[in-house]
Amino acid sequence: MQENLKSKKGLFSMGKVYVFDHPLIQHKLTYIRKKETGTKEFRELVDEIATLMAFEATRDLPLDEIEIETPVAKTKAKVLSGKKLGIVPILRAGMGMVDGILKLIPAAKVGHVGLYRDPETLKPVEYYVKFPSDIEDRDFIVVDPMLATGGSAVEAINSLKKRGAKHIIFMCLIAAPEGLKALEEAHPDVDIYIAALDERLNEKGYIIPGLGDAGDRLFGTK
């Protein structure tokens, strides 16, 4: 899959899949992979990578032109067109990416999808959903640090679409080819932004080489 990727504007692109190759993202990603990295540093790095990724993922936000007055003269300048945005973390690990995105888009509303993976079937089970009431009027960024089997991402986007969301992108740090394929097939209309495409899943559904359990490493649990 990776041999088909082409470089463009600080990221690799393949259809609607974008893999970031920015040096700062790749540097920080190395440190969150390291098993010696503690909870505090891990949390800070995930936050920083989310900010850097959001910068590129929002490149196509529409702009309006307005007239302003500087201390020197009147001029025309660009502002965001007022398009409403929403961020939907997949609980619980997705919460680690929210603040990093809100630093760039502080007016965005935050919804939540609670999904856990059944240890036997590896299928997602939904236990909590809460979205903004004006869901049909918003563009959404669904976030989760890991895209492993793809089941949770697929179901989270299903939940948004069932309630009227029309424009959705998905953003994660590390993806496995299996999860990427599942998400592309289930939601071909959703752009996917990732920081790394790893080798494969192991027999337990963990990404190899990956970084372990993102939720446990973010919140210091086992």
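Contact is taken here as heavy atoms within 4.5 Å. The structure is a predicted model, in which local features need pLDDT of at least 70 and side-chain atom pairs count only at pLDDT 80 or more, while totals for chains, interfaces and linings use all residues. Residues are numbered from 1 along each chain as its sequence is written, and side-chain values use heavy atoms, with hydrogens and water left out.

The largest pocket has a volume of about 720 Å³. A pocket is an open set of points on a 1 Å grid over the protein atoms alone, where a 1.4 Å probe fits and protein lies on both sides within 12 Å along at least five of seven lines; lining residues have an atom within 4 Å of a point. Grid points are joined across faces, edges and corners, and the volume is the space filled by probe spheres set on the points. The lining comprises 32 residues, of which Arg 117, Asp 144, Met 146, Ser 152 and Asp 213 are the closest to the pocket centre. Two or more lining residues come from each of strand 6 (84-91), strand 8 (112-117), strand 11 (146-147), helix 4 (151-162) and helix 6 (214-219). Helices (H or I, at least four residues) and strands (E, at least two) are DSSP runs, numbered from the N terminus. By residue class, the lining holds 18 nonpolar, seven polar and seven charged residues. In this division Ala, Val, Leu, Ile, Met, Phe, Trp, Tyr, Cys and Pro count as nonpolar, Asp, Glu, Lys and Arg as charged, and the others, Gly among them, as polar.

An unreviewed entry lists a "binding site" at Arg 92, Arg 117, Asp 144, Pro 145, Met 146, Leu 147, Ala 148, Thr 149, Gly 150, Gly 151, Ser 152 and Asp 213. The pocket lining includes Arg 92, Arg 117, Asp 144, Pro 145, Met 146, Leu 147, Ala 148, Thr 149, Gly 150, Gly 151, Ser 152 and Asp 213 from that list. UniProt also places the feature "binding site" (unreviewed entry) at Ile 207, Gly 212, Asp 213 and Ala 214. Ile 207, Gly 212, Asp 213 and Ala 214 likewise belong to the lining. UniProt positions follow the numbering used here, feature names are shortened, and annotations may be inferred rather than shown by experiment.

Individual lining residues differ in setting. Arg 117 is in strand 8. Its relative accessible area is 30%, so Arg 117 is partly exposed; buried means under 20%, exposed over 50%, and partly exposed in between (1.4 Å probe, protein chains only). Asp 144 lies in the loop between strand 10 and strand 11. Asp 144 counts as buried because its relative accessibility is 12%. Leaving aside neighbours within four places in sequence, Asp 144 contacts Ile 90, Ala 93, Gly 94, Met 97, Phe 170, Met 171, Cys 172 and Leu 173. Ser 152 is in helix 4. With the same exclusion of neighbours within four places, Ser 152 contacts Ile 90, Leu 115 and Pro 124.

Gly 212 sits in the loop between strand 15 (207-208) and helix 6. At 38% relative accessibility, Gly 212 is partly exposed. Beyond its neighbours within four places in sequence, Gly 212 contacts Met 146 and Tyr 206. Ala 214 is in helix 6. Ala 214 is buried, at 5% relative accessibility.

The largest nonpolar core contains 37 residues, and Leu 29, Ile 32, Met 53, Ile 101, Met 171, Leu 173 and Ile 174 touch the most other members. Such a core is a set of buried Ala, Val, Leu, Ile, Met, Phe, Trp, Tyr and Cys residues joined through side-chain atoms within 4.5 Å. Helix 1 (23-33), helix 2 (39-57), strand 6, helix 3 (95-102), strand 10 (138-143), strand 12 (167-175), strand 13 (191-197) and helix 6 each give two or more residues to this core. Helix 2 supplies the largest share, eight residues. Not counting residues up to four places away in sequence, Leu 173 touches residues including Leu 29, Ile 32, Met 53, Met 97, Asp 144 and Pro 145.

In helix 3, Gly 96, Met 97, Val 98, Gly 100 and Ile 101 are buried. The buried residues of helix 3 pack against helix 2, strand 6, strand 7 (109-110), strand 10, strand 12 and helix 6.
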